[in-house]
Amino acid sequence: MADGLDGNEGVALSGLDRTSAGLPARKARRTFGGFLWRAPWLRAVLLLAPPVAWFALIYLAALVYLFVSAFWQVNPFTSEIERIWNVHNFTTIFSSGAYRAIALRTVGIAAATTLTDAVLAFPFAYYMARVAAPRKRAVLFVLVLLPLWSSYLVRVYAWRQILDHDGVLNWSLEKLGLPAANIAYTNTAVWLVFSYVWLPFMILPVYAALERIPESMFEASADLGARAWSTVRRIVIPLALPGLVAGSIFTFSLTLGDYITPTLVGGASSQFIGNVVFSSVGIANNIPFAAAFATVPLVIMGVYLVVARRLGAFEAL
Amino acid sequence: MKRVIVVVAAVAALAVQAATAGPTGLPTSIGKGEGQLNLIAWEGYTQPEWVKPFEKETGCQVNAKYAGSSDEMVALMSQGGDSQYDLVSASGDASLRLIYSKLVQPVNVKLVPSWKQFNPAFQSPPNNTVDGVHYGISLQWGPNTLLYNTKLVKPKPTSWAAIYSPKYKGKITVPDNPIQIADAALYLSKSQPSLGITDPYELTQAQFNAAIALLKQQRPLIVKYWALASDEIDLFKNGDAVIGASWPYQLSTLKAANAPVADTIPKEGATGWLDTWMLSANAPHPNCAYKWLAYISTPKVQAEQAVSYGETPVNSKACPYMNKIAKGSCAQYHANAPLAYYKQIKFWKTPLATCDNGKNDCVAYPEWQTAWTEMKG
């Protein structure tokens, strides 16, 4: 590909050469072009330098700064950052039961959300990919994506209205003669809302994985006498697994980093890692502690991604 | 061309400084407005009702940034805001932090004519005046009240014990704010006199631990720690909460929506806030800032803000204007209350390690913040 491009460039340059001989600027350009032609390593450097620099500066530098500042501290009186190296922030996180509980709650609800979304998304994606006619499939696609076109906040607030003590849910239950469900402002509500808002991020990769399964596999399975359930268990699920894992990367990491949903629909004990980070920066102005706590989800996600890679998730992205 | 303008502006700025700075370093007169005024304010503190006439009168265009909590105001100021914003409407739990962090500068109260009309209790209160130096102009104050649903909470509560008792389990809400520890301490100062709490903002480690223990015991009873006033309004409107710590603002909003609510100052007294407009250390528009301080302190504007927000003006001449806007509002917000009324309110101030008793054994505010996060769990 790169060679082809260069070949064209060479032709163009030589064309210019014939018509504009003697112009120094053109000559210089031609020499430079020729030089590049002879030095492929320089070509690669010039081509890759901008994106690599961008990546290093914007992305890695921020992460490195985050990690480094986690080892600083804040002067308790003036609340200014003091660049004194210590691991005080980390010992606080690991020795305090409250922060452990917050980290466990965050991971627990992220895992529960991922599992719920996987269970809900699989049959839906299967129907979309293998059963629905093209026109119906397009309609379903729109339905899956429709919520993403409206504000995340609006959808979370809508759930708050549904789950409220005098909200739609309890009103409906009362009409049906059932007892009221008091799940407003609880961790159950947080789990429910997360499962709702991240569901499209699970459906799409699972759909992509299921759509790629060749029809011949199903035929072969049937020819060999497998019943429907065996086909699902031994053909569909193993081949859809990379899609499920890819979706779970989204649902898990999005839940892990969120702090708005717990604030809005959570109760008295619904703090997430993100809430502590937010209040440490925006309220206590204790950036080092926030940085230290923010490395926790980073480490968790790192481990998760390594496992996901083993399961082949990146081929389904 | 651009450089010329900059030079001219710099010379002009120097001239203005030289003309107005007095021997103590405080300005002695207000110069020409800079055309802009940047504020960090509580939401509701810059209503068009009084901002528009100010802009018209002075030519200073008001740009406001709203903050959700005192802590956020301090964070905004310390993250470079002191040279970006001119004034900050700091509450008592933030003002000392701003002063000791040198994020605000002294002001000349003589340039605020209405200051002489202020209720004496608010002319030089300890949360904005240090060693006789004024670091701002008091604005408005209000009590943190006990709000309850009149249909579901019977009999009428008379003590803060109501929000610590299992009777209303799962229906209680309190602010998501570390300064709430002072409310627990205030209650303990009466219910457990043996702890010896005299000032809820100056707690020894033992007193502090007792307050945190009380709050931990309260946590399972709480439906939600509210972060925004509108959250608490929702909770009361939808029946998720029936009793909680509140501000007069929520009461008036809920009453306007015909919710069955009332509030009270319980027998233990209450904590309260006193807000101060404080001048940033490197305010870019000092003249407009002084113009604002003078304007916002006049009786009529004080009355407008008081009635609009539901709080009490510090200017003692504001009462007739308040009654003109809303009949009976002066008495409703205790703008004409006797001194004994203020005595039962413990105004917010930043908890410092140095207690007034001269010892150095009090728990400072950063520990309040940490303890609050850990208590919520």
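# Reading the predicted two-chain model

Helix α14 (residues 287-310) of chain A, in this predicted model, has 24 residues and runs 35 Å from its first C-alpha to its last, close to the 34 Å expected at 1.5 Å a residue.

Q: Which residues of α14(A) are buried?
A: Buried residues of α14(A) are Ile287(A), Pro288(A), Phe289(A), Ala290(A), Ala291(A), Ala292(A), Phe293(A), Ala294(A), Val296(A), Pro297(A) and Tyr304(A). After α14(A) comes Gly312(A), with a positive phi near 80°.

Q: How do you know that the length of helix α3 (residues 40-69) of chain A agrees with its number of residues?
A: The 30 residues of this helix should span 44 Å at 1.5 Å a residue, and because its end C-alpha atoms are 40 Å apart, the two values agree.

Q: Why is α3(A) said to lie largely in the open?
A: A residue is buried if 20 or more other C-beta atoms lie within 10 Å of its own, and the number of buried residues among the 30 of α3(A) is zero, so the helix lies largely in the open.

Q: Why is Met73(B) called buried?
A: Met73(B) has 28 other C-beta atoms within 10 Å, and because the cut-off is 20 or more, it counts as buried. Met73(B) is placed in helix α3 (residues 70-78) of chain B, and, leaving aside residues up to four places away in sequence, it touches Ile40(B), Ala67(B), Val88(B), Ala90(B) and Ala94(B). Leu146(B), by contrast, is 73 residues from Met73(B) in sequence and 25 Å from it in space, C-alpha to C-alpha.

Q: What makes Pro120(B) count as exposed?
A: Pro120(B) has 9 C-beta neighbours inside 10 Å, and a residue is exposed if that number is 12 or fewer, so Pro120(B) counts as exposed. Pro120(B) sits in the loop between β4 (104-105) and β5 (129-130) of chain B, and its C-alpha atom is separated by 9.0 Å from that of Ser316(B), although the two are 196 residues apart along the chain.

Q: How do you know that the radius of gyration of chain B agrees with that of a compact globule?
A: A compact globule of 377 residues would have a radius of gyration near 21 Å, and because chain B has 22 Å, the value agrees. The C-alpha atoms of chain B fill a box of roughly 70 × 50 × 40 Å along the principal axes, and buried residues make up 51% of the 377 residues in the chain. Of the contacts in chain B with a separation of 6 or more, 71% are between residues 24 or more positions apart; the chain has 14 helices and 15 strands.

Q: Where in chain A is confidence lowest, and where is it highest?
A: Confidence is lowest in helix α1 (residues 2-19) of chain A, at a mean pLDDT of 44, and highest in helix α9 (residues 187-211) of chain A, at 95, while the mean for chain A is 85 and 89% of its residues reach 70 or more. Over residues 1-21 of chain A, pLDDT stays under 50, and the model has eight contacts beyond four places in sequence for them. Where pLDDT is low, the predicted coordinates should not be read in detail.

Notes:
Residues are numbered from 1 along each chain as its sequence is written. Chains are lettered from A and ligands numbered from 1 in the order in which they are written. This is a predicted model: local features need pLDDT of at least 70, side-chain atom pairs count only at pLDDT 80 or more; totals for chains, interfaces and linings use all residues. Helices (H or I, at least four residues) and strands (E, at least two) are DSSP runs, numbered from the N terminus. The expected span of a helix is 1.5 Å times one less than its number of residues. Two residues are in contact if their C-beta atoms, placed from the backbone, lie within 7 Å. pLDDT is the predictor's confidence in each residue, from 0 to 100. The radius of gyration is taken over C-alpha atoms; the globule rule is 2.2 Å times the number of residues to the power 0.38.
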